[in-house]
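The structure is shown first, and the description follows.

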Amino acid sequence: MSLNSENTLNAARRKKILVTNDDGIDGEGMKVLVESLKSVCDVYVLAPDSNRSAVSSKITLGKRLAFQKHGESTYSCSGTPADCVICAFTSPLFGFKFDAVVSGINAGPNMGTDVIYSGTCAAARQAVIMGVPGIAVSLESEFFDYANHGFNFKPLADFTAKNLDELISLCSGDVFVSLNATSADTYKEAAFASGCVRDYGDKVSIEGSDNASFFGICNTSKISVSGESDSDYNIARSGKIAVSLVYAEPVLKKPGKGVDFKF
């Protein structure tokens with residue numbers, strides 16, 4: 001085989017990966033992730049045009065979506081992370097089938113209960129629903145807060161790139177992979193994790209309730225966390241990378257007994 005033929009074959013074997021996030025097109029975590037992934041695959045970006053944190057799996061119906069090109073194979077969208085996946089898969093924007101979606105790296109963890117609300121996880125979930133492996137990647141600050149500092153994205157980005165094939169193999173058709181870690185200079189171990197339970201202490205305050213129209217704002221107090229020793233929270237806090245397998249479709253519980261419904 002000639003060198004040119006081998007190079008052509010290697011190029012053909014490179015996976016086509018869609019990268020998105022919920023922190024927006026300017027998210028630092030996504031920029032670092034893209035650079036790491038470029039060493040092992042062909043990367044295409046479609047991300048929200050600004051922060052869309054905690055939008056869960058919201059999709060935009062009946063409204064126009066605005067797109068903007070930011071460079072080679074890089075676009076932003078006025079919609080949500082789930083919108084970005086749907087548009088990348090079903091519009092002529094890219095025009096081919098992706099091998100996987102990698103969402104992140106989120107500036108903040110997406111552990112246990114967070115998965116319900118996370119736009120980062122929603123993009124990976126949407127990919128799996130549409131038949132493509134999905135991987136969500138999230139990083140907790142070294143200071144254990146959501147402040148925009150204390151994030152060293154590169155070690156987790158490099159782990160994702162080095163283990164891309166292994167992570168894709170874990171998406172068995174009904175689950176997406178969620179990675180969580182606490183910011184560090186290096187990681188020496190990854191472990192499969194269960195999900196923790198997070199109570200956000202949400203409280204809504206009301207302003208101007210003496211008027212016909214008034215306002216409310218939801219504030220989160222200190223988050224409390226519970227879970228098993230193998231929870232994503234405990235594994236990430238121990239300095240390891242937590243690897244969780246999350247069902248993309250709702251898992252319904254079978255009733256343990258019959259019920260005589262009234263009609």
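The charged end of Lys 16 lies over the ring of Phe 96, at 5.6 Å from the ring centre. This arrangement, like everything described here, comes from a predicted model. Phe 96 itself has 26% relative accessibility and therefore counts as partly exposed.

Phe 96 belongs to one aromatic cluster, whose members are Tyr 44, Tyr 75, Phe 89, Phe 94, Phe 96 and Phe 98. The count of aromatic pairs in the model is 10. Among them is the pair of Tyr 44 and Phe 94, which is edge-to-face because the ring planes stand at 70 degrees, over the cut-off of 60, with the centres 5.8 Å apart. This pair joins distant parts of the chain, 50 residues apart: Tyr 44 is in strand E2 (residues 42-48), whereas Phe 94 is in the loop between helix H3 (81-90) and strand E5 (100-107). Phe 94 also pairs with Phe 96; the centres of these rings are 6.3 Å apart and the planes are at 50 degrees, so this pair is tilted.

| Residue | Relative accessibility | Class |
|---|---|---|
| Tyr 44 | 14% | buried |
| Phe 94 | 12% | buried |
| Phe 96 | 26% | partly exposed |

Technical notes. Residues are numbered from 1 along each chain as its sequence is written. This is a predicted model: local features need pLDDT of at least 70, side-chain atom pairs count only at pLDDT 80 or more; totals for chains, interfaces and linings use all residues. Side-chain values use heavy atoms; hydrogens and water are left out. Rings of Phe, Tyr and Trp (its six-membered ring) pair if their centres lie within 6.5 Å; planes under 30 degrees apart count as stacked, over 60 as edge-to-face and the rest as tilted. Helices (H or I, at least four residues) and strands (E, at least two) are DSSP runs, numbered from the N terminus. Buried means under 20% relative accessible area, exposed over 50%, partly exposed in between (1.4 Å probe, protein chains only). A charge sits over a ring if NZ of Lys or CZ of Arg is within 6 Å of the ring centre and within 35 degrees of the ring normal.
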